[in-house]
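Here are my notes on the model you asked about. Have the structure open while you go through them.

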Amino acid sequence: MATAKSLTATELQTVLAYTATQPYAQRNRAMLMMTVAAGLRVSEVAGLTLGDILDSKGCVRGEVFLAAHRVKHQHARTIYINSRLQQELADYIATRTKKDPALPLFPTHRGPRCSFSPNTLAQHFYWLYRKAGVSGASSHSGRKTFLSSLASQGISVFVLAKLAGH
């Protein structure tokens with residue numbers, strides 16, 4: 001299997017600019033940023049609910065725990081959400097009318113109870129990158145960008161493995 005492409009800063013800005021011109025722009029931007037800024041796998045993004053992200057006061061959490069049954073290879077992990085991503089998510093969630101904690105964080109166009117399947121979300125990202133003009137990118141590119149960025153800052157490989165859920 002080919003290695004995923006890591007996005008350059010210019011490519012990421014190109015994708016974000018393209019996303020802003022499309023329907024469901026805030027949702028799609030937030031989904032993309034969950035991969036780029038928090039390193040989530042597409043299947044993890046697809047499985048998120050509002051209750052995972054919002055605390056009892058309705059504020060975006062700084063940490064999200066993903067139990068073993070929800071992640072690849074059954075490695076439970078904590079996802080850290082930086083302040084910038086917290087704001088992205090808060091802006092997106094503010095556009096939602098229904099905020100039941102059991103609802104998918106990122107519903108499809110079919111309605112607030114319909115979540116993306118991991119496969120459908122992978123296709124969504126494939127076409128998003130392609131239509132934005134970023135060649136060679138895949139659904140894993142956001143995650144690779146997250147990890148590559150941290151590695152280039154000198155973060156220990158052990159910390160990277162923990163953040164990646166390996």
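The points below run from the overall fold to single residues.

1. Ground rules. This is a predicted model, so local features need pLDDT of at least 70 and side-chain atom pairs count only at pLDDT 80 or more, while totals for chains, interfaces and linings use all residues. Residues are numbered from 1 along each chain as its sequence is written, and side-chain values use heavy atoms, with hydrogens and water left out.

2. Overall fold. The protein chain has 8 helices and 2 strands, and along the sequence they come in the order α-α-α-α-β-β-α-α-α-α. Helices (H or I, at least four residues) and strands (E, at least two) are DSSP runs, numbered from the N terminus.

3. Size. The radius of gyration, taken over C-alpha atoms, is 15 Å, which agrees with a value near 15 Å for a compact globule of 166 residues (the rule is 2.2 Å times the number of residues to the power 0.38). Along the principal axes, the C-alpha atoms fill a box of roughly 40 × 35 × 30 Å.

4. Of the 166 residues, 43% count as buried; buried means under 20% relative accessible area, exposed over 50%, and partly exposed in between, with a 1.4 Å probe and protein chains only. Among contacts (heavy atoms within 4.5 Å) with a separation of 6 or more, 59% are between residues 24 or more positions apart.

5. The largest nonpolar core. A nonpolar core is a set of buried Ala, Val, Leu, Ile, Met, Phe, Trp, Tyr and Cys residues joined through side-chain atoms within 4.5 Å. The largest one has 41 residues, and M34, I53, L89, L105 and F106 touch the most other members. Several elements supply at least two residues each, including α1 (9–20), β1 (63–66) and α6 (118–132). The largest share, 8 residues, comes from α2. Apart from this core lies another, of 6 residues, among them L147 and L163.

6. F106. What does F106 touch, leaving aside neighbours within four places in sequence? Its contacts include R27, A30, M31 and M34, as well as L89, Y92 and F116.

7. Helix α2. This helix has 14 residues and reaches 19 Å from its first C-alpha to its last, close to the 20 Å expected at 1.5 Å a residue (that is, 1.5 Å times one less than the number of residues). Since 12 of the 14 residues are buried, α2 is largely enclosed by the rest of the structure. Among the buried ones are R27 and N28, along with M31 and M34. Just after α2, G39 takes a positive phi of about 75 degrees.

8. L40. L40 sits in the loop between α2 and α3. Is L40 buried or exposed? L40 counts as buried, at 1% relative accessibility. Leaving aside neighbours within four places in sequence, its contacts include M34, V45, R77 and R143.

9. E88. You'll find E88 in helix α5. E88 is buried, with a relative accessible area of 13%, and touches R29 and M33, not counting residues up to four places away in sequence.

10. Aromatic pairs. The whole structure holds 3 of them. Y126 and W127 form an edge-to-face pair, 5.1 Å centre to centre with 85 degrees between the planes. Rings of Phe, Tyr and Trp (its six-membered ring) pair if their centres lie within 6.5 Å; planes under 30 degrees apart count as stacked, over 60 as edge-to-face and the rest as tilted. Y126 is partly exposed at 37% relative accessibility, and W127 is also partly exposed, at 41%.
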